[in-house]
Amino acid sequence: MTMLTEQEIRTRFITPAISKAGWSFSQIREEYAITKGRIITRGGTYKRDKAKFADYVLFYRPHIPLAIVEAKGNNHSVSDGMQQALDYVERLLIPFVFTSNGDSFTFHNMLFWTRMQKDDVLMKDKQIVMEILSKIENMAQMILTANWCWSGVPVSLQKWYQTI
C-alpha cells in the first residue's frame with residue numbers, strides 16, 4: 001500500500017466525502033485558524049509559538065461552526081488526530097468531530113443529549129459518514145430554531161431580553 005500524505009488524503013478522500021454529503025463549498029473552510037500561537041517572552045523580547053489550524057471546519061451558516069474534520073496521513077491510525085481535534089472543538093465550542101486517515105473515519109459527538117450516541121465509532125463504510133454529515137446539518141437547524149428557555153419560564157412570559 002502506498003503511503004499518502006495528509007494533503008493527499010484530504011484531496012482524494014475527505015473533500016469528496018464532504019461534498020457528496022451535500023455540503024457546499026461556501027460551508028467548508030480548510031486550514032481554519034484556531035489560534036495565532038502562544039506568545040513566548042524572554043527578557044525584553046517576545047515571539048509567537050506555532051499557530052494552530054484545523055484541517056476542515058464545516059459551517060452551518062456564516063460564523064456558526066458545526067463540525068471539525070481532522071486529517072492524518074495513512075501511516076497514522078484513524079483516531080490519531082482525535083485529541084488534537086477535541087482541543088479545537090473546546091476552543092471553538094463546536095459539537096461534532098471527525099478524524100480520518102483516508103481508510104476510514106472516526107466520529108465523536110460532543111452533544112451527549114442527542115440521539116446520535118455514536119461516540120468514537122470507527123466507520124469504514126463511507127456511506128455512513130455521508131449520512132452523519134447530512135444529519136448534522138438537520139440537527140443544527142433544529143438546535144438553532146428551537147425555543148430555548150434557560151430559566152424554565154414559558155416563552156410567552158419572558159422579557160424581551162430573555163428571548164435574544
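**Overview**

In this report, helices (H or I, at least four residues) and strands (E, at least two) are DSSP runs, and they are numbered from the N terminus. The structure is a predicted model. The protein contains three helices and eight strands, and along the sequence these elements follow the pattern α-β-β-β-β-β-α-β-β-β-α. Of its 164 residues, 38% count as buried. The protein exposes about 10,300 Å², of which carbon and sulfur atoms supply 55%. Among contacts with a separation of 6 or more, 50% are accounted for by residues 24 or more positions apart.

Helix H1 covers residues 6-20. At 1.5 Å a residue, its 15 residues should span 21 Å, and this agrees with the 20 Å between its end C-alpha atoms. Pro16 itself is placed in helix H1. With a relative accessibility of 28%, Pro16 counts as partly exposed, because that value falls between the limits of 20% for buried and 50% for exposed. Beyond residues up to four places away in sequence, Pro16 touches Arg10 and Thr11.

The buried residues of H1 are Ile9, Arg10, Ile14, Thr15, Ala17 and Ile18. An α-helix has 3.6 residues a turn, so residues three or four places apart point the same way. H1 is followed by Gly22, which has a positive phi near 105°.

Gln27 lies in the loop between H1 and E1. At 10% relative accessibility, Gln27 counts as buried.

**Strand E4 and its partners**

Strand E4 spans residues 52-61, and seven of these ten residues are buried, so the strand is largely enclosed by the rest of the structure. E4 pairs in the antiparallel sense with strand E1 (residues 28-35) over six bridges. Within this pairing, Ala33 has Phe53 of E4 as its bridge partner. E4 also runs antiparallel to strand E5 (residues 64-71), to which five bridges join it. Here the bridge partner of Val57 is Ile68 in E5. In a regular strand the side chains alternate between the two faces of the sheet.

E4 and E5 form a hairpin with two residues between them. His63, in the turn, has a positive phi of about 70°, although it is not a glycine. Leu93 likewise is not a glycine and has a positive phi, of about 55°. Leu93 is placed in the loop between helix H2 (82-92) and E6. Most residues other than glycine have a negative phi, and most peptide bonds are trans.

The table gives the relative accessible area of several residues discussed in this report.

| Residue | Relative accessible area | Class |
|---|---|---|
| Gln27 | 10% | buried |
| His63 | 75% | exposed |
| Ile68 | 0% | buried |
| Leu93 | 73% | exposed |

In soluble globular proteins, nonpolar side chains tend to be buried together. The largest nonpolar core of this protein has 24 residues, and those with the most contacts inside it are Ile14, Ile18, Trp23, Leu58, Phe96, Phe98 and Ile136. At least two residues of this core come from each of H1, E4, E5, strand E6 (96-100), strand E7 (105-109) and helix H3 (126-145). A second, separate core has twelve residues, including Ala54, Ala85, Leu86 and Ile94.

Ile136 touches Trp23, Leu66, Phe96, Phe98 and Phe107, when residues up to four places away in sequence are not counted.

Ile68 belongs to strand E5. With a relative accessible area of 0%, Ile68 is buried. Leaving aside neighbours within four places in sequence, Ile68 is in contact with Ala54, Tyr56, Val57, Ala85, Tyr88, Val89, Leu92, Ile94, Phe96, Val97 and Phe98. Ile68 and Thr99 are 31 residues apart in sequence, and their C-alpha atoms are 8.2 Å apart in space.

How values were computed: Residues are numbered from 1 along each chain as its sequence is written. This is a predicted model: local features need pLDDT of at least 70, side-chain atom pairs count only at pLDDT 80 or more; totals for chains, interfaces and linings use all residues. Side-chain values use heavy atoms; hydrogens and water are left out. The expected span of a helix is 1.5 Å times one less than its number of residues. Buried means under 20% relative accessible area, exposed over 50%, partly exposed in between (1.4 Å probe, protein chains only). Two strands pair if DSSP finds at least two bridges between them. A nonpolar core is a set of buried Ala, Val, Leu, Ile, Met, Phe, Trp, Tyr and Cys residues joined through side-chain atoms within 4.5 Å. Contact means heavy atoms within 4.5 Å. Accessible areas come from the Shrake-Rupley method with a 1.4 Å probe; for residues, only the protein chains shown count as cover.
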